[in-house]
Amino acid sequence: MYYLYNVLIYLAAPIAILVQLWRGLRDPSYRGSLSERLGFGPPVEGPTIWVHAVSVGEVQASQPLVAELRRRHPGHRILMTTVTPTGAARARLLFGDQVRYRYVPLDLPGSVKRFFDRVQPKLAMILETELWPNLYGECGRRGVPLVLASARISPRSVGKYRRLVPLFRKTLSHGIVIAAQSESDAERFRSIGAAPGRTHATGNIKFDFQPPEGIWERGRRWRERNAPGRPVWVAGSTHEGEEAVVLDAHRRVLGKFPDALLVLVPRHPQRFETVRELLAKRGERSANRSTGAAIAPATSVLLGDTMGELMTFYAAADVAFVAGSLVPVGGHNLLEPASVGCPVLTGPHNFNGEEIAQLLMDAGAAIIVSDTEQLAHAVTNLFGDSNLRSVMGAAGKSVLDANRGALDRLLTLVDPLLD
């Protein structure tokens, strides 16, 4: 089956390369990354810890991990790889010149070997779950310890993985350490061939997320300048199909709170222009954050067409709707608004973080909404009840505090591999 996998991936490679080139024509952020995806790039000097985070959510979650790795192992460089340009951009905003950056190679034998020749990592850490037979196999052949951090397999995915057991059993047998998010995740990994003695339930390092220093003050200043005395809600990380639902809900909110302000933040920068056109087509009284100008009192929708400001908006808001959840994307990080005491709304599709969503709902920190009517009702209800907002905000912070510690448990497994 491993041979068949490589045959199929070689057949698919030209399509992947053409897609990459096509994306580069439409989106400048994809240009120049193809060589790295084929394993090329400058060599990384000195002992290197390689951390892979797929996109924005995983990059954000890696922040405390990277900081602690740099503190505990100052003699090692950190190389961060991502799949998406938005993930790479977020990494550069978070870490600056503290780490090196590169796109992860395609899982082609040649690309993987070139990547390892140039990086020569002493340790590889993959956040959450991506099972790549050639990449993992090369770690095994070169004796590079590999750790899957905050690893998970959803119940709906485990059947698919089981059908591929002959392929992934070999992949998972190369000395991989699995630090699973929960005991259920750990058991699912064992069921597809992971070594029981190297599979541990350590928790989700997303709970160790700390809001950026000074974020509350930045949120307060932003609100004083842009929306003094106005109710504010944020729709963060929206995807195609969600903006229309959110805007319809906002029109209903305006019926009860005419001065309400919606901050609408699309997930991907390449969609900023599409959403801007949608706002114009609908005749919304909108403004663009990228102009840097203060928001006029008549503006009812602010398009968050900048990078790296979502946490500021959450800190400034009365209510946060976390998107990617009204459509089957799987949801985004609910802990970001919870960490700044903002009541959380989310859609029904949270399979990327089912445990987190359930904990927040059980604690009364989050509400599930499924459509325009439910979203509008939840927002207006929270706007009108400051006590409920306070209770939900405090409950969200309590969930974070009660579940911290996954990072320490993870590093207990990692430190001996570097020492």
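Glutamate 217 is partly exposed, with 34% relative accessible area. Bear in mind that what we're looking at is a predicted model. Its partner is arginine 221: the two form a salt bridge, with the closest N and O atoms 3.6 Å apart. Arginine 221 is partly exposed too, at 45% relative accessibility. Why are glutamate 217 and arginine 221 separated by about one helical turn? Because they sit four residues apart in helix α11.

Okay, next pair. Lysine 206 and glutamate 128 also meet through their side chains in a salt bridge, this one at 3.2 Å, N to O. Here the bridge links distant parts of the chain, 78 residues apart. Lysine 206 is in the loop between β7 and α11, and glutamate 128 is in the loop between β4 and α7. So, buried or exposed, lysine 206? Buried, at 11% relative accessible area. Glutamate 128 counts as buried as well, because its relative accessibility is 6%, and the cut-off for buried is under 20%.

Aspartate 117 is partly exposed at 43%, and arginine 142 is partly exposed at 33%.

Now, beyond single pairs. Which residues are linked in a network of salt bridges? That would be Glu68, Arg71, Arg72, Asp408 and Asp415. And for the overall tally, the count comes to 25 salt bridges.

Technical notes
Residues numbered from 1 in each chain as written. Predicted model: local features only at pLDDT ≥ 70, side-chain atom pairs only at ≥ 80, totals over all residues. Heavy atoms only, no water. Salt bridge = Lys/Arg side-chain N within 4 Å of Asp/Glu carboxyl O. Buried < 20%, exposed > 50% of the residue type's maximum accessible area, 1.4 Å probe, protein only. Helix = DSSP H or I, 4+ residues; strand = E, 2+ residues; numbered from the N terminus.
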